[in-house]
Structure formats: structure tokens, C-alpha cells
Amino acid sequence: MTTKRIGRRQFHFTVQGGNLHEAVAEYDRLSFPDVAACGLCGSDNLDLTSRVAQGKFKYTSVKCLSCRGDLTFGKNKDDDQSYFLRRKENGDLDWRAFEKKAE
């Protein structure tokens with residue numbers, strides 16, 4: 001079991017494998033760091049969310065429940081089971097402000 005802290009919450013993930021190597025490889029697929037606070041407003045009121053867009057694109061992200069900012073997870077092309085937090089070119093986490101859709 002491994003624990004990731006997202007804001008004030010802790011999320012526990014259990015990894016399994018047929019041997020030590022496989023178990024560690026599964027653990028490595030959760031290669032994202034803890035996220036202490038929103039990169040936009042500084043709130044620690046964060047949660048993990050998932051959604052499906054257009055019936056086929058699956059997104060997992062850290063959402064700020066205060067300002068509705070979003071930090072989306074990326075996946076590797078060669079291993080779509082490994083997740084990382086998207087970063088800007090300068091290395092900072094790629095937080096995106098909530099954009100209200102025009103109706």
C-alpha cells in the first residue's frame with residue numbers, strides 16, 4: 001500500500017504483483033508527487049476526480065474545490081498505466097483556471 005497526499009486528504013493505493021519486481025513496477029506507475037495546495041489560489045481543499053469526455057477520452061485530475069482550478073494527470077504513450085502530473089516547460093505543475101463554457 002502507498003499513500004498520496006492531495007491537499008488535506010490522503011489517498012491509499014494498493015499495488016499487487018506476482019513478485020517483488022512486479023509489485024515495485026506497479027508502485028512506480030503512481031509516479032506523481034503529493035500535492036499540498038492549489039497552484040492558483042493556494043487552498044488545500046483539493047480532491048481527485050475523473051471524467052470521460054466525448055464518450056472516449058478519460059481524464060483524471062486534481063481539482064481545487066475552492067477556485068475550481070484543475071491539474072490534469074498525463075499518461076505515457078508507451079505505457080498508458082503510468083500516471084504523472086502535467087508540468088509546464090519550466091517544470092512547474094500545470095494548473096489550469098476554471099473556464100466557464102459559453103452556452
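Is phenylalanine 73 buried or exposed, and what is its relative accessible area? Phenylalanine 73 is buried, with a relative accessible area of 7%; buried denotes under 20% relative accessible area, exposed over 50%, and partly exposed the range in between (1.4 Å probe, protein chains only). The model is predicted, so that local features require pLDDT of at least 70 and side-chain atom pairs count only at pLDDT 80 or more, whereas totals for chains, interfaces and linings use all residues. Residues are numbered from 1 along each chain as its sequence is written, and side-chain values use heavy atoms, with hydrogens and water left out.

Three aromatic pairs were counted. Rings of Phe, Tyr and Trp (its six-membered ring) are taken as a pair if their centres lie within 6.5 Å, and planes under 30 degrees apart count as stacked, over 60 as edge-to-face and the rest as tilted. Phenylalanine 32 and phenylalanine 73 form an edge-to-face pair, at 4.8 Å centre to centre and 80° between the planes. This pair links distant parts of the chain, 41 residues apart: phenylalanine 32 lies in the loop between α1 (20-28) and β3 (46-53), and phenylalanine 73 in strand β5. Helices (H or I, at least four residues) and strands (E, at least two) are DSSP runs, numbered from the N terminus. Both phenylalanine 32 and phenylalanine 73 are buried. The pair of phenylalanine 73 and tyrosine 83 is edge-to-face because the ring planes stand at 85°, with the centres 6.5 Å apart. Here strand β5 is linked to strand β6 (residues 83-85), the two residues being 10 residues apart. Tyrosine 83 is partly exposed, with a relative accessible area of 24%. Ring pairs join Phe13, Phe32, Phe73 and Tyr83 into a cluster.

Two charged side chains were found over rings, the criterion being NZ of Lys or CZ of Arg within 6 Å of the ring centre and within 35 degrees of the ring normal. The charged end of lysine 4 sits over the ring of phenylalanine 32, 4.9 Å from its centre, and arginine 51 lies over the face of tyrosine 59, at 4.5 Å from the ring centre.

The largest nonpolar core has 13 residues, and those with the most contacts inside it are Ile6, Val35, Leu46, Val62, Leu85 and Trp95. Such a core is a set of buried Ala, Val, Leu, Ile, Met, Phe, Trp, Tyr and Cys residues joined through side-chain atoms within 4.5 Å. The elements giving two or more residues to this core are β4 (57-64) and β5 (70-75). Beyond its neighbours within four places in sequence, valine 62 is in contact (heavy atoms within 4.5 Å) with residues including Ile6, Leu46, Phe73, Leu85 and Trp95.
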